[in-house]
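Please read the report below alongside the sequence and the structure. It begins with one local detail and then widens to the whole chain.

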Amino acid sequence: MKNKKQRSVDPAALEMLEKADACCIGSAFSRHDQQQPRCGFGELGVCCRICDMGPCRINPFGEEPTRGICGADAATIAARHLIRQVAAGVAAHSDHGRDIVHALMLTATGEAQGFTIKNPERLKALAQERGVTVEGKTIGEIAKALALNAMEEFGRQEGEVQFAALRAPKATVENWRKLNLIPRGIDREIVETLHRTHEGVDADYRNLLMHGFRTSLGDGWGGAMLATDIGDALFGTPMPVRSQVNLGVLQKDSVNIVVHGHEPTLSEMVVAASRDKKMLALAASKGAKGIVVGGICCTANEILMRQGAPVVGNFLHQELAVSTGAVDVMLVDVQCIMPALIEHAARFHTQVLTTSAKARMVGARHIEFELETAYDTALEIVRTAIENYPKRGHVDIPEHKNDLVAGFTVANTFTHLGGRYRSTFRPLNDAIISGRLRGVAAVIGCNTVKKTQDDSHVRMVRELIANDVLVVMTGCAATACSKVGLLQPEAAATWAGKGLQEICEVVGIPPVLHFGSCVDNSRILVALCEMINEGGLGDKLSDLPIAGAAPEAMCEKAIAIGFYCVASGAYVNYSPAMRVYGSPEVTHFLTDEVEQVLGGKFSFEGNPVKAAHLMMAHMDKKRAALKLRPLMYGRSFLEPGDAVSAESSDAAAASEAPSGGVPASPHQGCAGKRPASSISVNE
Amino acid sequence: MKGMIVVKADRCMGCKTCELACGVEHSQTQSLVTAIREAHPPRSRVNVERGCGFAVPLQCRQCENAPCVAICPTQALHRKDDDSPVLIDQARCIGCKWCVLACPFGVIRMDDASHAIIKCDQCFERVERGELPACVEACPTDALTFQSLDAVVADKRDAYLVQIEHATGTLKT
């Protein structure tokens, strides 16, 4: 059981948790304690719940039962359940993508109230890239054609998801084709995953996992990529923007609306409605100075990137924000929304509003969001918040907040790196080739109560930038690091290694770049493609000195992201580990064997600093393979005659153990921590 | 005896979490993820058995007049003192299995790796440190508790009193 200090490294979170404890209010942290001990079979991935002859469990200590009723062994069971998680994650991102495409369609036909295409240039470029004719067409016609073209990606039965071959380097695409890994359609592979994992279908763990990789590519190079690119055309392409983060952005004397969830469509409208003169006048009439719209989870990142809206917090902040007593409306759509918000809000004046037909909660007020009446709905939501403002009780907003810079994209990172006259990735590639930079790491993902909130993100990122690794971040990970000020240009002088410092100073960027929401991980994939296209760093994505990590991963979406990154050739450290340790075969496949075919692989190291070292060892291995110059300032993480890759799975497993490492043979008799004398006869 | 492991069959869901916790407690590495990868993975000293319509974790009852201790030819099975659970000194065990035959509950078994028997030691070192036995701590439904015999008796009397009160109609509230 964790004590209070271990629950978070964020002082604002600790302050609110203290308040929650004092008022006997539960939170994810206290419910985590109540869930102890967790079921070991579930944790190890050897509990099969697929058919109704079960549930079946495999004895992880190697005794009977070693098979379920149907004969499925630990490897089959772990692989089946894991790729079901992949499919669920892909489904979540892609359904989000589908909604954005739908929004583009209704905007094109003029049916979406209040929406216009904010970046027609991006729209045209996207249409051209995807083979949609633009000549002689109006913006609306192009948008409609592009929306129809994009919509086909979801239901296509044969062929390939387009972005994969359009954007990835040729050698990577050829490898995918050889392995039959490019998804035919986004939905089709999800359906096939469910079919394959049905009772009595695919039982070969390798075959199952490879299909998991295929399914996941429909996320990174399909649904998520569409969500990002079409979102940029529709809502505007982000530009670097300053904002603030943490619970301290809530204002005591203003109406506070917290938008929580993932899709940008509604939140964009709410931001617009909060700036409506009538609404501001209504707020003033209730004694409020203004209207604050702040975000939690990826909605926060969407409106931060495009509107500069403040970020209230990341995933584990959702209940804590309500505990301030200063949230007048908690507006939610889909994904990462804790049902606990309802009981939490009931203790304060906060109104929880659900807006998606896909995600309702008993006890919440439901205002269904439809594009045709988007602005009216947004006005109603803002009005609800204003009318709720006078009902506030005691308000307790932590002081803590920090500045950040967000809004980086592939297009504008170009501008930054190349300067106004050289819009190119050349300077980034040169910095890596010359050894000033070791490589690039993407640190992404969630918060989890299994680890101290934000601690792993912050420690890993500090270790990486201190060793001359440029870090790009998205999602709740980015929020975690922005809370401690790592997303400001000033952070380079304090935390970055000398090589990275030089880059940051010349270009004027923070050492850690905020790329947006979870679907915006697709921006990172495109950036990697640009690095290959620029030349000098190999011919396929797996040649690049790069690595990814989800140090506080929690949801199926994170597993899907991990899968498409590995399938794209990246080394990914995922922690807490996926539920595969009950099967040594599946663990070995994911952390070792798969590298031979995909070029990428997983490690499951739990310690964020050790994980950073594994990631950097991988970058150094790639640097050596590319015969790049030694690092100008940083040390190598490769051991002489290194077998880093082969050892990683054992290292990962050992890291979870307090003592670390597995002795060659056990003592006789009782537990290892018992001294030998205690089992001798002392009569 | 400081305490006994009390089993409430009506609360047992058959999840086998106690088996895992017991295995981990008797492992070298003290963590599930690493324990299952030890050269000789640990064996649980408690087994969840299925009866007709119920599941129940069975482990050594630490008999006062233990037939296993009486029959052991090498004094491998022993008690440290009067309060101690029955312990096995695996170095002395010759694997003759007399104790397995003598045990009325079937809760002693052979460990193939060490060629000696294994049985519940009531996590005596944990108990000495003031902790609960691993299986008791792990049980999510409190089907396993660790109580002194006096406390168990007192609980039984309380329950019996309630029965009498129901029967005589004197129960208030």
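Just after helix H21(A), Gly485(A) takes a positive phi of about 85°; helices here are DSSP runs of H or I of at least four residues, strands are E runs of at least two, and both are numbered from the N terminus. This is a predicted model, in which local features need pLDDT of at least 70 and side-chain atom pairs count only at pLDDT 80 or more, while totals for chains, interfaces and linings use all residues. Residues are numbered from 1 along each chain as its sequence is written, and chains are lettered from A and ligands numbered from 1 in the order in which they are written.

H21(A) itself is mostly covered, with nine of its nine residues buried, where buried means that 20 or more other C-beta atoms, placed from the backbone, lie within 10 Å of the residue's own. Among them are Gly475(A), Cys476(A), Ala478(A) and Lys483(A).

H21(A), residues 475–483, packs with helix H14(A), residues 297–307, at an angle of about 75°, their axes being 8 Å apart. Axes are lines fitted to C-alpha atoms over the stretch in contact, and angles run from 0 to 180 degrees between N-to-C directions. The two helices are therefore roughly perpendicular to each other, the word used for angles of 65 to 115 degrees. From H14(A), Cys297(A), Cys298(A), Ala300(A) and Asn301(A) meet Gly475(A), Cys476(A), Ala478(A) and Thr479(A) of H21(A), a contact requiring C-beta atoms, placed from the backbone, within 7 Å. These contact residues divide into five nonpolar, three polar and no charged; Ala, Val, Leu, Ile, Met, Phe, Trp, Tyr, Cys and Pro count as nonpolar, Asp, Glu, Lys and Arg as charged, and the others, Gly among them, as polar.

Chain A is divided into four domains, with bounds from an automatic or database domain assignment.

| Domain of chain A | Residues |
|---|---|
| domain 1 | 7–57 |
| domain 2 | 74–235 |
| domain 3 | 247–391 |
| domain 4 | 404–655 |

The C-alpha centres of domain 1 and domain 3 of chain A lie 26 Å apart, and their contact takes nine residues from domain 1 and 11 residues from domain 3. Helix H2(A), residues 11–22, gives the most to the domain 1 side, with six residues. By class, that side has seven nonpolar, one polar and one charged residues.

Across the whole of chain A there are 29 helices and 16 strands. Of its 683 residues, 58% count as buried.

Note on methods. Angles under 35 degrees count as roughly parallel, over 145 as roughly antiparallel, 65 to 115 as roughly perpendicular and the rest as oblique. Two residues are in contact if their C-beta atoms, placed from the backbone, lie within 7 Å. A residue is buried if 20 or more other C-beta atoms lie within 10 Å of its own, exposed if 12 or fewer, and partly exposed in between; C-beta atoms are placed from the backbone.
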